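Welcome! Take a moment to look over the chain below before reading on.

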Amino acid sequence: MVFLGVFNTAYAMPQSLAPFAGAWLLTVGVAGGAPDDDLLLGAAAAAALAGALIVLPIEKAK
């Protein structure tokens, strides 16, 4: 049963922290009052690529 709690926390934590990270990324490179959408989209792309690369070795174990 402990495994389910750890799994739930690992699944819910990024979803809980993502809005705060997104808001911070939008305000990091603010110049002239315009939010830095390129930084936010670049970070999202990097996170998606990292997630895809982390999962690749797991499929090989089957």
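Here is a short tour, from the whole chain down to a few single residues.

Please keep in mind that this is a predicted model. The chain has two helices and zero strands. Of its 62 residues, 3% are buried. The accessible surface of the chain is about 5200 Å², and carbon and sulfur atoms account for 75% of that area.

Let us begin with helix α1, which covers residues 2–28 and holds phenylalanine 3. Phenylalanine 3 counts as exposed because its relative accessibility is 64%, and exposed means over 50%. Together with Leu4, Phe7 and Tyr11, Phe3 makes a nonpolar surface patch of about 520 Å².

Next comes the loop between α1 and α2, where you will find proline 35. With a relative accessibility of 47%, proline 35 counts as partly exposed. Leaving aside residues up to four places away in sequence, proline 35 touches Leu26 and Val30.

Helix α2 spans residues 37–60, and alanine 43 sits in this helix. Alanine 43 is partly exposed, with 31% relative accessibility.

Which residues can we pair up to see how the chain comes back toward itself? The table gives two pairs, with their separation along the chain and between C-alpha atoms.

| Pair | Apart along the chain | C-alpha separation |
|---|---|---|
| Alanine 43 and glycine 22 | 21 residues | 9.0 Å |
| Proline 35 and leucine 25 | ten residues | 8.7 Å |

Definitions and conventions. Residues are numbered from 1 along each chain as its sequence is written. This is a predicted model: local features need pLDDT of at least 70, side-chain atom pairs count only at pLDDT 80 or more; totals for chains, interfaces and linings use all residues. Side-chain values use heavy atoms; hydrogens and water are left out. Patches are made of residues with over 30% relative accessible area and no salt bridge: like charges are joined within 9 Å, nonpolar side chains (Val, Leu, Ile, Met, Phe, Trp, Tyr) within 5 Å. Accessible areas come from the Shrake-Rupley method with a 1.4 Å probe; for residues, only the protein chains shown count as cover. A salt bridge is a side-chain nitrogen of Lys or Arg within 4 Å of a carboxyl oxygen of Asp or Glu. Helices (H or I, at least four residues) and strands (E, at least two) are DSSP runs, numbered from the N terminus. Buried means under 20% relative accessible area, exposed over 50%, partly exposed in between (1.4 Å probe, protein chains only). Contact means heavy atoms within 4.5 Å.
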